[in-house]
Amino acid sequence: EMCIRDRYQRRVHGDLFQKMFGLTQIFGVPIDQLKVLGALLISLPLNYGFRYISNPTYRLLYSLSIGLLLQFVLYDIYTLVLFLFALVAYALVAFKRPKTGWFMCFVMMSGLFICHLRRMLTDYGSGTLYFTTSLMVIVPKCITFAWAYSDGDPNLDRKLTSEQAKAKLTTLPSIFSFYSYIFNFSSSIVSPVFGYHDFDDFIHLRGSYSNIPPCSKRVTYLIIQAVIYAVLGLVCRPIFPLSFVNTKEFAEWSIPRQLLYINIITFFIRTKFYTAWKFGQANITLAGLAYEGNDENGNPKWERMVTVRTRWELTTLMQERAVFWNMSVQTWLRQNVYLRIASAEQLRKSPALSGLASLITFLQSAMWHGTYPAYYFAFVQFALCVEVARVAHRNRALFGIFTHKYLYPLRLLVVQTIIAYPGIQFSLLSTSQVLDFLHTTRYSVPIFMIAVVILGHMRSSRSKRKDISVESKKE
């Protein structure tokens, strides 16, 4: 199958394919990643074209036609699979409104899981980009759309959050508008994921979109950031190879030295995500989608749709770590999985329910990423990271000393390490390599996190018993 696809691409793309293949040898970047980068760069001037089109129908047509063309350039005949996924989603919404949300979630995630599984079985361990890369943007959009339409049901008997109430759809958009939303070329390549209500306002130039200001400074800043991360990755990833964590030399290192290397390498792995997301952010900014009005000083704000905040690298709060990374997907998971399991009030009152909802959300995130067992190893540990943060917050008397400003470097190192540890497993893919990594590092970080959780719960139980005892004496 890979050989057939390779021959097909060479026949269709001709000299361009050959030139790109030459560039991969010069820069050491795989051709699939180079094609995505090329699509993002080509999209920049095309997105600016939205500034010159005011008719809603033409804007929809422009969004859809360029989007489908770019998908075909990237994934050729597999674009048909993406098209069919969207068709199934629209049909489900049209014929099953009262229970669309969870049913759509099941159907779309099952389909994505099957595509991920097929890719794993036919191209195991390869980092090659597949049509599932775009499908991972389309599926959250379909699920978001389904929940929004379900929330707009006049017979709805559940309480909505403010975000859900704002996003609800009372009428079903046309299939043309839906496809334009799904394949909008500003976001369908690498994200961000956003709701249909924002897209509809953008198409009809309503609200803050009625007067979108120039954005040259903001776009230049984003492109410079993207280039810096790209150069950092190209230069430094070969110096700190991921494969080193499975070598005999790494196994002979002390645990502190191993953990330091893990922190370094995971940063350079993240640079490729920063590069793609910053270029993607530049695209939606040029189109005007990111505009959310002006601040109190009259300066334009371009953060309606943000994929990542690079201050993620410096925060020591686990909650911010969870929110600032791949932000649009985090919002999708929170609004359409976590807060659908139970209401925000119920989750606040019950730590056990909140922990279960977090675990389910992380498992769905793992399924969204792929079928490699390494993803599930990693995301269970990510859920444990969140539980560590909750325990530490509830037991501030026990862990409060670490919040002192002079201990910030130590606090940052600890937080970075407990996130970097599962991050390495996420990147390794191979189950045998993950197990070898865990054994080599003596399971040090999971043991540390479990110990913190147990210690925190023991202290909480002791405090509760003490409070009950005090109340009994008063009575």
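This is a predicted model: local features need pLDDT of at least 70, side-chain atom pairs count only at pLDDT 80 or more; totals for chains, interfaces and linings use all residues.
Visitor: What makes C142 a buried residue?

Guide: Buried means under 20% relative accessible area, and C142 comes in at 1%, so it is buried. C385 has a value of 1% too, so that cysteine is also buried.

Visitor: Okay, on to the rings. How many aromatic pairs turn up in the whole structure?

Guide: The search finds 45.

Visitor: Why is the pair Y181 and F194 called edge-to-face?

Guide: Ring centres have to lie within 6.5 Å, and planes over 60 degrees apart count as edge-to-face. Y181 and F194 have centres 6.0 Å apart and planes at 70°, so they pass on both counts. The pair links distant parts of the chain, with Y181 in helix 8 and F194 in the loop between helix 8 and helix 9, 13 residues apart.

Visitor: And how do you know whether Y181 and F194 are buried or exposed?

Guide: Same cut-off of 20%: Y181 has 0% and F194 has 4%, so both are buried.

Visitor: What else involves Y181?

Guide: Y181 belongs to one aromatic cluster, whose members include F83, Y90 and F194. The charged end of K141 also sits over the ring of Y181, 5.1 Å from its centre.

Visitor: What makes F244 and W253 a tilted pair?

Guide: Their planes are 55° apart, which falls between the 30 and 60 degree limits, so the label is tilted. The centres are 5.1 Å apart. F244, at 15%, counts as buried, and so does W253, at 13%.

Technical notes
Residues are numbered from 1 along each chain as its sequence is written. Side-chain values use heavy atoms; hydrogens and water are left out. Buried means under 20% relative accessible area, exposed over 50%, partly exposed in between (1.4 Å probe, protein chains only). Helices (H or I, at least four residues) and strands (E, at least two) are DSSP runs, numbered from the N terminus. A charge sits over a ring if NZ of Lys or CZ of Arg is within 6 Å of the ring centre and within 35 degrees of the ring normal.
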